[in-house]
Amino acid sequence: MENIREKLAELKNKYREIYGNEAEASVFAPGRVNLIGEHTDYNGGYVFPCALSYGTFALGRKRGDRKIRMYSDNVTRLGIMESSLDDLKAYENDHFTGYVKGVIWAAEEAGFVCSTGMDILIWGDVPNGSGLSSSAALEVSIGLLIKTMFSFDAMTQPQIALLSQKAENDFMGMQCGIMDQFISAMGKDGHALLLNTGTLQYQHIPLEISGAEFVIVNSCVKHSLVGSAYNDRRNECETALRLIREAMQDGRIAMPASGKLPEGLCELTPAEFEAAAGVLQDQILYARAKHAVYENDRTIRAAEALSHGDTELFGKLMRESHASMRDLYEVSCEEMDILTDIANAKDYVLGARMTGGGFGGCSVNLIRKGYAEQFRKEVGEEYTAKTGKKPLFYAGIPCEGARRV
Ligand code: GLA
């Protein structure tokens, strides 16, 4: 967002024009970039994202009846979409309203019952399907909006993240982990967030890295994760975990050092995993599980490296992460491999990898300070020459999480 205040003033005018009333609450929730730790968040592992300046605004006002009216200033052709608190169900032609209804539904399930209907306007600048969590930004903005409008004082920011994830899992049918919603709710200006998704314990780590910066590149290849390979990957990990647990239970392989059966693959160290790997006869299951375990290990090492200012090591781990997503987890795509190969071949690039769920979207690149212009020009031209697609570039500046504006 170039200028939050200006945009907000514009949206408040829009709200008046659309609904003939003043908005009584307005909030903003950011999208995110994950620096490293991909597909670890549903395996109880670590992730290391930061919130971006791009995000979603939600403006709202309570109504006197039970209607929910929703307007997106991104898809104006849809006009005002209407639903009701008495019909919080998913329909095929829901479009963006599925996320709105999903969060209101998830909040209600958790005991935060909206007493009246509402008129909502949303607008966001996180490109859809880019791997920068446009849907989490929308969900978290709605969570914070209803918290504000209905004075749900007991609803904490982590809880908003959990409700948003529930909406995504159980209303939208996408079995995502907690990373995107959590960072959108809990981001901190100038910091990345090291989150243990098994315990939800977290630590904000300052991202003042001298001599280097993060740049995001959109491959402009769109992915659709719902009902697709994402859920398959999650199932494969669950199967691998089940086989390992069974073998531990009946003594075929040693228990981990903790003495407890692992609740997620990422509780295993690489050494424990290698000792257990024999039970994963299926090569696909082995590869998926290996990615999760080693990616988790890389994430811990990467966060540690960054806190010592070791950008060289961080970049190296980013490259390894991409190779693992490409070869073991198989969630990359041709254009993304081209994009990261081009970047990784530059001597001023410390590391480049795909970020987010996969199958296209964005790469995140750690580059030496002062090379952003050259990076845009060279990577842009080479990528277009090889794929015919024109990439988009965004600054990876860590920003504050969801907030009232
Ligand atoms: C998507 C999901 C997240 C996470 C990433 C992969 O963004 O929403 O929960 O699993 O993919 O790291």
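This is a predicted model: local features need pLDDT of at least 70, side-chain atom pairs count only at pLDDT 80 or more; totals for chains, interfaces and linings use all residues.
Local features require pLDDT of at least 70 and side-chain atom pairs pLDDT 80 or more, while totals for chains, interfaces and linings use all residues. Residues are numbered from 1 along each chain as its sequence is written, and side-chain values use heavy atoms, without hydrogens and water.

View 1. Strands (E, at least two residues) and helices (H or I, at least four) are DSSP runs numbered from the N terminus, and two strands pair if DSSP finds at least two bridges between them. Strand 9 and strand 10 (residues 362–368) run antiparallel and are joined by five bridges; A352 stands opposite N365 in strand 10. Axes are lines fitted to C-alpha atoms, for helices over the stretch in contact, and angles run from 0 to 180 degrees between N-to-C directions.

**View 2. Helix 6 (residues 229–249) packs with helix 8 (residues 283–307).** The angle is about 95° and the axes are 9 Å apart; the two helices are therefore roughly perpendicular to each other, a term for angles of 65 to 115 degrees. From helix 6, R233, E236, T239, A240 and L243 meet I284, L285, R288 and A289 of helix 8, where contact means heavy atoms within 4.5 Å. The residues of this contact divide into five nonpolar, one polar and three charged.

**View 3. Residues around the ligand, each with a heavy atom within 4 Å of the molecule.** They are R32, E38, H39, D41, Y42, C176, G177, M179, D180, Y230, G356 and G357. Oxygen atoms of the ligand lie 3.0 Å from a polar side-chain atom of R32 and 2.6 Å from a polar side-chain atom of Y230. For G177, a backbone N or O atom lies 2.9 Å from an oxygen atom of the ligand.

**View 4. Strand 6 (residues 191–196) and strand 7 (residues 201–206) run antiparallel.** Six bridges join strand 6 to strand 7, and A192 has I205 in strand 7 as its bridge partner. Four residues lie between the strands of this hairpin, in which L200 takes a positive phi near 65°.

Conventions:
Angles under 35 degrees count as roughly parallel, over 145 as roughly antiparallel, 65 to 115 as roughly perpendicular and the rest as oblique. Ala, Val, Leu, Ile, Met, Phe, Trp, Tyr, Cys and Pro count as nonpolar, Asp, Glu, Lys and Arg as charged, and the others, Gly among them, as polar. A polar contact is a pair of N or O atoms within 3.5 Å; within protein, one must be able to donate a hydrogen and the other to accept it, and residues adjacent in sequence count only if both atoms are side-chain atoms.
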